[in-house]
Amino acid sequence: MKNSVFIATSIDGFIADKNDNIDWLHSIPNPSNNDMGYNDFISSMDGIVMGRKTFQTVCNFDIEWPYSIPVFVLSNSLKEIDDKYIEKVKLVKGSLTNVLKEIHQQGCKKLYIDGGSTIQSFLKEKLIDEMTITTIPIVLGGGIPLFGDLPHSLNFECIETNIYLDKVVQNKFRFVN
C-alpha cells in the first residue's frame, strides 16, 4: 500500500494563488504539452483521494471527467455527489485510518492523494509515502500553501530530480522513518 502526492507549487510553496486560482501553472510555455511525468504517475495508481475543494475545482474545469480510476472525495461537509459523477466518485469521511481501510477493501492500494488540506491531513498522520513536487518558477506572495503546521517533523529523501522546459524543477521525495 502506498500513498503518493503529485503536485505543483510556486517557488514560495503555494498550490493556488490568493484568489484560489491555478492559472499560473501555465505561466511557462509548453508547446509540446509535456506532461512532466503525470501520465506515468497516474497510470501507476489504483485510486485518488481528494478533498472537497479539489473535487469542486476539477468539476469546474471545462473538460470531460479526467480520471479513469476511482475517486474518493474526503469531506465531512459534502452530503451527496452530483448525479453526473455518481458512478465515478465516492464520498468518504471519518478518520483517515478508517477511510484508508474502506478504500483498501475496495481494491485500491496505490493512492494518489490530492488537495492542500487533504495532503496536510495525511502528512499530520505520517501517511504520505512519496511526494513528487513540481516547482513552477513564480513567486505568488500568498495563497493556499502546500504545507501547514505539523505536530512533528517528517524526514524525506530526494530520490529523483528532473528539469522540464529548462525552467521547471521536479523533485521526487520518499518518506523515511
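I began with contacts (heavy atoms within 4.5 Å). Of those in the protein chain with a separation of 6 or more, 65% join residues 24 or more positions apart. A note to myself: this is a predicted model, where local features need pLDDT of at least 70, side-chain atom pairs count only at pLDDT 80 or more, and totals for chains, interfaces and linings use all residues. Residues are numbered from 1 along each chain as its sequence is written, and side-chain values use heavy atoms, with hydrogens and water left out.

Next I looked up the elements, which are DSSP runs numbered from the N terminus: helices (H or I, at least four residues) and strands (E, at least two). The protein chain has 4 helices and 10 strands.

Then I searched the whole structure for aromatic pairs and found 9. Rings of Phe, Tyr and Trp (its six-membered ring) pair if their centres lie within 6.5 Å; planes under 30 degrees apart count as stacked, over 60 as edge-to-face and the rest as tilted. Phe6 and Tyr38 are edge-to-face, because their ring centres are 5.6 Å apart and their planes stand at 70°. Phe6 sits in strand S1 (residues 2-10) and Tyr38 in helix H1 (residues 38-43), so the pair ties together parts 32 residues apart in sequence. Together with Phe41 and Tyr112, Phe6 and Tyr38 form one aromatic cluster.

Phe6 is buried at 11%, and Tyr38 is partly exposed at 23%.

Notes:
Buried < 20%, exposed > 50% of the residue type's maximum accessible area, 1.4 Å probe, protein only.
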